[in-house]
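Colleague: Before I use this model I want to know what stands behind each label. Please set the values against the definitions.

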Amino acid sequence: MKRLLALGAVLVLAAASIVLAQTSGQATLRTPAGDRPFTYVQQSGQVYVNAEEVVAGLGGTIAPDSSGYKVTVGGATAAFGPDSRYGVVRDDLIEMPVPPIAVEGKPYVPWQFFQGFLARATSQDAAWDPATQSLVIRPLQRDAIAVQVSVANVQGISKIVLTLSAPAEYSIVKEPQAYLVRFRSPVRAPFGDQPYEDPNIARMTFAANDVRIQLTAPDVAGDAYRLENPPRIVLDFRKGAALAPVPGALVPQKPTEAPGIRTIVIDPGHGGREVGAVGPNGLMEKDITLAIARKLAASLAGKVGARVVLTRDDDSVVSLDQRTALANQYKADLFLSVHLNAAVVKDAKGSETYFLSLEASDELARKAAETENAAAASDPSSDLKLILWDLAQQAYLDESSRFAQAIQEEMNAATAVANRGVKQAPFKVLVGATMPAALVEVGFISNAEEEAKLQTDAFQDLMVDALTRAVQRYKTEYETRIGLIQPPAPATTTTAAPADPKLPAKPQSAPQQPVPVPATTRTEP
Amino acid sequence: MLAAVALLAAVACGKKKETPANLNAANRVAVRMVRLYYESPQMLLVAEPRNIALPESPAAAIPVVARELIKGPATAASLRLFPADTVVRGAYLLPGGTVVVDLGGPTLQQGWGTGSHQELMAAYSLVQTLSANFADARRVRILVNGSPAETLAGHVSLARSLTPMPVLVEPKSR
């Protein structure tokens, strides 16, 4: 069967090759372990290398797949096939100038395949040297990334911000009473070793590509997230409720806060040059989402007693990643993204509410996570944490579903427009949220009738009232479920029974003002 | 195989050789009925059968079908989802069932301003069309202008491959 597969793969590769002028010969695979010959072919200026010989030289394996080949080097597997300029490693693409070909029944790939594969899988670089006809493998040398450090302690939380001169790949490893930020590329350290007079952070040490954060006590728990523009890694540390001693990576977890819905992030969709959908009469989605979000923030602050944060409070561009990063940064308990819909069906109308669909998009991600999970046990530098962050919302899907249901039901009750229901979709703005999160489509701006309504205060207020009730309802249901507040007494007893002084009082929170986005978290258009 | 034989000879000689382009399965064409998915008045994906000339090789046929989809529906019974100026720059079937579709065109490049419903349906019309017509196509990774893109219009994540969502398809077209 394996022979048949190999034959099939070779036939397909042979069929896919279009042969022009070519030269061929022996080249040298130059690795830190030594030199080794392999065969190459050059046609139309492109160098193709014998994949089997190069993989063997790298200590890996190559095997035919149903329609191509799978290559494993250093524990990472990539694949390439005929007629395709793209190989794949995990869910990442390796771009090649031209597709692979078959020569003498053997697969030959553009040398750039190994450049892309090794860079992603083994932090090595591959480069073709035409002068010596060598494929040179060496450690990946990226420009050193400058790191700036700031440390602050606010209300018992120690916040470390590592500001990077360029985006960088990294992982975070939990060690006994320490955390290690391990970069995949060289970093330029601001200092070697620095002690801190901080209740949670003892010292910080830069060594090679690592930053070690030594904590003051074993029960100091950490939390981390990323921000962009400029790229930053933010780590929060606090005493108590230490994370479970998971060897390997720091798993994103909701920090231990006072239970209940305390902070709500409202996300007005689009902004700046990203106008969103435009109605038949020119109304822009970004303007109406901002108007509704501002009203909603004021309403929630007054009626729900929660801290409310807007991801934007003006007509500016905020990246999708940054919106959820902001919610994570504020340790929000709820995230609601407000949008207007558009469809090619001109009379489409009504509201609909989404929460994240991972099953539609994450088959490969789950496989990658499983692979990384296994690898993490033995390889502390694995990408497990990054993958988990990427799927952070997965842990909150049940609550997100309940939240979305409350929103949709209140929207239905408030309006006579069509109920389009609760749906799931792989929406980017929901992926990284570490709290229950939903996206509401208030109405169809593409429908001229709804477009006209959407710009009126009366309709916006109606929507805001419905969304406020939805948040209040979800908050009450959630806090009842976790035992923070008592469920309402049966109707037969409520009118007659006197107030029970032993019952815990419902949290009385003073109305709070919406919190605008700090300027430092904005992306200007 | 002609190519392989030609290359074998070339390798053996170790000299520059001129060999003709091979005739292969990608060049053999037959008329075949395909199912292209557009939006119905019920706002779900509905299949439009269409006879088109297709290469026998799936690898060569996939970009043809993707381009046929982007042309838009042939009847008024269904509606075009992608912007009219969208182009399919390339489409490739990778081992393991991932199809990479590279889209381009002025609207996608400059920023497509539409709502999440149309964006969702557009992305999944492509996913549904390719998976319905090619058994090996199990998921679709969408690129824009040759590079990974965050979204098409600010909503649907293109960071990972998309697999078919039957809930978006009319029952009769599943």
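**Labels and their grounds**

Modeller: Helix 4 of chain B is mostly covered, with 18 of its 18 residues buried. The model is predicted, so local features need pLDDT of at least 70 and side-chain atom pairs count only at pLDDT 80 or more, while totals for chains, interfaces and linings use all residues. Residues are numbered from 1 along each chain as its sequence is written, and chains are lettered from A and ligands numbered from 1 in the order in which they are written.

Colleague: What makes a residue buried, partly exposed or exposed?

Modeller: The count of other C-beta atoms, placed from the backbone, within 10 Å of its own: 20 or more is buried, 12 or fewer is exposed, and in between is partly exposed. In chain B, buried residues make up 50% of the 174 residues.

Colleague: What does A:Arg232 touch?

Modeller: Leaving out residues up to four places away in sequence, its contacts include A:Val161, A:Leu164 and A:Arg226. Contact requires C-beta atoms, placed from the backbone, within 7 Å.

Colleague: How do you know that the length of helix 4 of chain B agrees with its residue count?

Modeller: The expected span is 1.5 Å times one less than the number of residues. Helix 4 (residues 116–133) has 18 residues and should span 26 Å; its end C-alpha atoms are 26 Å apart, which agrees.

Colleague: Why are strand 9 and strand 11 of chain A at the edges of their sheet?

Modeller: Seven strands of chain A form an open sheet in the order 9-10-3-2-1-12-11, with mixed pairing. Strand 9 (101–103) and strand 11 (124–129) each have a single partner strand, so one side of each is left without a neighbour in the sheet. Neighbouring strands here are turned by 35° against each other on average, direction ignored.

Colleague: What makes strand 3 and strand 10 of chain A a pair?

Modeller: Two strands pair if DSSP finds at least two bridges between them. Three bridges join strand 3 (residues 46–50) to strand 10 (residues 106–110) of chain A, and the two run antiparallel. A:Tyr48 stands opposite A:Pro110 in strand 10.

Methods:
Helices (H or I, at least four residues) and strands (E, at least two) are DSSP runs, numbered from the N terminus. Axes are lines fitted to C-alpha atoms, for helices over the stretch in contact, and angles run from 0 to 180 degrees between N-to-C directions. Two residues are in contact if their C-beta atoms, placed from the backbone, lie within 7 Å.
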